[in-house]
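Open the model in your viewer and keep the sequence panel beside it. The stops below say what to select and what is there.

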Amino acid sequence: RRPDRARLFFALWPRPALARRLHELARAAQAVSGGRVMRRDTLHQTLAFIGDIPRERISQLIAVGRTQRFTTFGFELDLLRRWGRNRIVWAGSSTPPPALCALALTLVRQLSDAGFVLEERDFVPHVTLVRNSEREPAFDTIEPLVWMVEDFVLVESIRTGKGANYRIVERFAAVN
Ligand code: 2AM
């Protein structure tokens, strides 16, 4: 591990009560799908993934985070899905609100303007619940979980033998 570099991303971080509900869902899914349940304190939804950068550039990321202007919005997580290509089981929204997509889009655009090279993945808002799953979780509609977004965070991912640990570097609040 190089001490002068860090792996970073912007994300929505659930409040403890929502994280608990998501973790229960993750355990229920895992019972069917197999694989490894994400720890409760690691559950999140990525907005923009930056990847490995020199630490000295973290201040630039904070600056990009601070220029975002958004008001509090809510959305429902009502889908449970599995992707075979990376074997994750995830929760998502059948109707992601424009505010969510706008936040992810402006972040990506401004990061790229600031000279960060981002991987071009289509933005599918999702919360990874299980990794290395072996089969479909069998149920795909779930009792909707409401997520009220009052802020987003810049996170450092610290990889360990037991999966990643996440450290919140900075929080960016809605303007209202
Ligand atoms: P995942 O849960 O779908 O794997 C930390 O790794 C977070 O960044 C995870 O939410 C992960 O998504 C996401 N992530 C990792 N690599 C990424 C990439 N190349 N593009 C977009 N998101 C990525």
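Select residues 15-90. Over this stretch the chain is 36% helix and 34% strand. Its end C-alpha atoms lie 18 Å apart. An unreviewed UniProt entry annotates residues 15-90 as "domain: Phosphoesterase HXTX".

Now colour by confidence. This is a predicted model. The protein chain has a mean pLDDT of 95, and 100% of its residues reach 70 or more. The scores for the model are ipTM 0.93 and pTM 0.96.

**Helix α2**

Select residues 58-66, which form helix α2. Which residues of α2 are buried? They are Leu 61, Val 64 and Gly 65. These three cover an arc of only 100 degrees around the axis, so they sit on the same side of α2. The general rule is that an α-helix has 3.6 residues a turn, so residues three or four places apart point the same way. Turn to the other side of α2: Ser 59, Ala 63 and Arg 66 are exposed there.

Next, show what the buried side meets. The buried residues of α2 pack against strands β1 (5-12) and β3 (45-54). They also pack against helix α3 (98-113), and against β8 (151-160) and β9 (163-173).

Ser 157 is in strand β8. Is Ser 157 buried, exposed or partly exposed? Its C-beta has 18 others within 10 Å, so Ser 157 is partly exposed. Ser 157 and Arg 7 are 150 residues apart along the chain, yet 5.5 Å separates their C-alpha atoms. Beyond its neighbours within four places in sequence, Ser 157 is in contact with Arg 7, Phe 9, Ala 164 and Tyr 166.

**Strand β6**

Go to residues 127-131, strand β6, and pick Leu 129. Leu 129 is buried because 27 other C-beta atoms lie within 10 Å, where 20 or more are needed.

Most residues other than glycine have a negative phi. Two loop residues here are worth a look.

Select Arg 87, in the loop between β4 (73-83) and β5 (88-92). Phi of Arg 87 is near 60 degrees, a positive value in a non-glycine residue. Arg 87 counts as partly exposed because it has 17 C-beta neighbours inside 10 Å.

Then select Asn 132, in the loop between β6 and β7 (141-149). Phi of Asn 132 is also positive, near 55 degrees, and Asn 132 is not a glycine either. What makes Asn 132 exposed? It has 12 other C-beta atoms within 10 Å, and 12 or fewer counts as exposed.

Key: Residues numbered from 1 in each chain as written. Predicted model: local features only at pLDDT ≥ 70, side-chain atom pairs only at ≥ 80, totals over all residues. Helix = DSSP H or I, 4+ residues; strand = E, 2+ residues; numbered from the N terminus. Arc of directions from axis to C-beta. Contact = placed C-beta atoms within 7 Å. pLDDT = per-residue confidence, 0-100. UniProt positions renumbered as here; feature names shortened; annotations may be inferred.
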